[in-house]
Amino acid sequence: MSNGMRVDLSALDEVIRKLWTLLDDMDKAGQTSRYNTEITMAAFGNNCTFLEAGDLFSAHKEAKSDLEGAIKGLHDLIDRFGKSTSKVKDKYTEQEYANKNQMGGGGGSSDGEFAR
């Protein structure tokens, strides 16, 4: 017997869609951080004409690496959560289908009589 709880499958679908959209956005952010934030050593001056050029270049490389790591971590988290949510939704959908069949929702004939 049901305890009165109900799962809104359309809300789970909406969560899954939003997670996949967010995952696409994270992919774009990852691409940007990886390929569009590169600064060459020459950008800090030809042949490092000032003493801090090497430190700035190293700090930039470290920050770039940290950013890429954070984006990858978020991407992985969102991916895992999206897959888990999808699996949960599928299980609830299967259970709802099984419940309908047990209650005679899927076993009746076209004239409304149940199979004997």
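**Notes on the predicted model**

1. Of the 116 residues in the protein chain, 16% count as buried, where buried means under 20% relative accessible area, exposed over 50% and partly exposed in between, with a 1.4 Å probe and protein chains only. This is a predicted model, in which local features need pLDDT of at least 70 and side-chain atom pairs count only at pLDDT 80 or more, while totals for chains, interfaces and linings use all residues. Residues are numbered from 1 along each chain as its sequence is written, and side-chain values use heavy atoms, with hydrogens and water left out.

2. The secondary structure comes to 2 helices and 0 strands, with helices (H or I, at least four residues) and strands (E, at least two) taken as DSSP runs numbered from the N terminus. The accessible surface of the protein chain is about 9,100 Å², and 56% of it belongs to carbon and sulfur atoms; such areas come from the Shrake-Rupley method with a 1.4 Å probe, and for residues only the protein chains shown count as cover.

3. Among contacts in the protein chain with a separation of 6 or more, 68% are between residues 24 or more positions apart, a contact being heavy atoms within 4.5 Å.

4. Helix α2, residues 53–102, has 50 residues and reaches 73 Å from its first C-alpha to its last, close to the 74 Å expected at 1.5 Å a residue; the expected span is 1.5 Å times one less than the number of residues. After α2 comes G104, whose phi is positive, near 90°.

5. The buried residues of α2 are A53, H60, K64, I71, I78, G82, T85 and K89, and what covers them includes α1.

6. Which residues make up the largest nonpolar core? This core has 5 residues, namely L19, L23, M26, I71 and I78, where a nonpolar core is a set of buried Ala, Val, Leu, Ile, Met, Phe, Trp, Tyr and Cys residues joined through side-chain atoms within 4.5 Å. The elements that give two or more residues to this core are α1 and α2, and the largest share, 3 residues, comes from α1.

7. S33 lies in helix α1, which spans residues 9–35, and it counts as buried because its relative accessibility is 3%. With neighbours within four places in sequence left aside, S33 is in contact with K64, L67, E68 and I71.

8. The count of salt bridges comes to 8, each being a side-chain nitrogen of Lys or Arg within 4 Å of a carboxyl oxygen of Asp or Glu. E38 is partly exposed at 41% relative accessibility, whereas K64 is buried, with a relative accessible area of 9%. A network of salt bridges links E38, K61, K64 and E68.

9. Two further pairs lie within single helices. The side chains of E14 and R17 meet at 2.9 Å, N to O; both residues lie in α1, 3 residues apart, about one turn of the helix, and they count as partly exposed at 33% for E14 and 47% for R17. The side chains of D79 and K83 meet at 3.2 Å, N to O, both in α2 and 4 residues apart, about one turn of the helix.
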